[in-house]
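Okay, thanks for coming, everyone.

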Amino acid sequence: MDEEEKRITLRLPVDLHAWLAAEAKSARRSLNSEIVHRLEAERGGASPGK
C-alpha cells in the first residue's frame, strides 16, 4: 500500500468488538479492514481535512 498509515490503540466495549469481529468474518475481512471499511463508508465524499 502506498498510502501513509497511522497506528492507534482503540478501546471498544466487548459487545461492539464481538459484533465487529462477526461482521468482519462474514465479509471475509480482518477486524482492522472492517473498521477502516466502515469508517471510510461513513466519511463518504468528505475530503480528508474535514
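Predicted model: local features only at pLDDT ≥ 70, side-chain atom pairs only at ≥ 80, totals over all residues.

Let's start with the helices. Two packed helices are described by the angle between their axes and by how far apart those axes are. Here we have H1, residues 14–26, and H2, residues 31–43, with an angle of about 95° and axes 9 Å apart. Anything from 65 to 115 degrees counts as roughly perpendicular, so that's what we call H1 relative to H2.

Who makes the contact? On the H1 side you've got His17, Trp19, Leu20, Ala21, Glu23 and Ala24, and H2 brings Leu31, Glu34, Ile35 and Arg38. By class, that contact has six nonpolar residues, three charged and one polar.

Now, two of those charged ones. Glu34 sits in H2. Is Glu34 buried or exposed? Its relative accessible area is 1%, and the cut-off for buried is under 20%, so Glu34 is buried. If you skip residues up to four places away in sequence, Glu34 touches Leu20, Glu23, Ala24, Ala27 and Arg29.

Glu23, over in H1, has a relative accessibility of 27%, so Glu23 goes down as partly exposed. Which residues does Glu23 touch, beyond its neighbours within four places in sequence? Those are Glu34 and Arg38. The two glutamates, Glu23 and Glu34, are eleven residues apart along the chain, and their C-alpha atoms are 7.5 Å apart.

Next, the loop. Between H1 and H2 you'll find Arg28. Most residues other than glycine have a negative phi. Arg28, though, isn't a glycine and has a positive phi of about 55°. Arg28 is also exposed, at 78% relative accessible area.

Last stop, the pocket. Rolling a probe the size of a water molecule over the atoms shows where empty space is left. In this model, the largest pocket holds about 750 Å³ of space. What lines the largest pocket? There are 17 residues, and the ones nearest its centre are Glu5, Lys6, Ile8, Asn32 and Val36. H2 turns up again here: seven of the lining residues come from H2, the largest share. Split by class, the lining has eight nonpolar, six charged and three polar residues.

Methods: Residues numbered from 1 in each chain as written. Heavy atoms only, no water. Axes fitted to C-alpha atoms, helices over the stretch in contact; angles between N-to-C directions. Helix = DSSP H or I, 4+ residues; strand = E, 2+ residues; numbered from the N terminus. Parallel < 35°, antiparallel > 145°, perpendicular 65-115°, else oblique. Contact = heavy atoms within 4.5 Å. Nonpolar A, V, L, I, M, F, W, Y, C, P; charged D, E, K, R; others polar. Buried < 20%, exposed > 50% of the residue type's maximum accessible area, 1.4 Å probe, protein only. 1 Å grid on protein atoms, 1.4 Å probe; cavity = no way out; pocket = protein on both sides within 12 Å on 5 of 7 lines; lining within 4 Å. Points joined across faces, edges and corners; volume = space filled by probe spheres on them.
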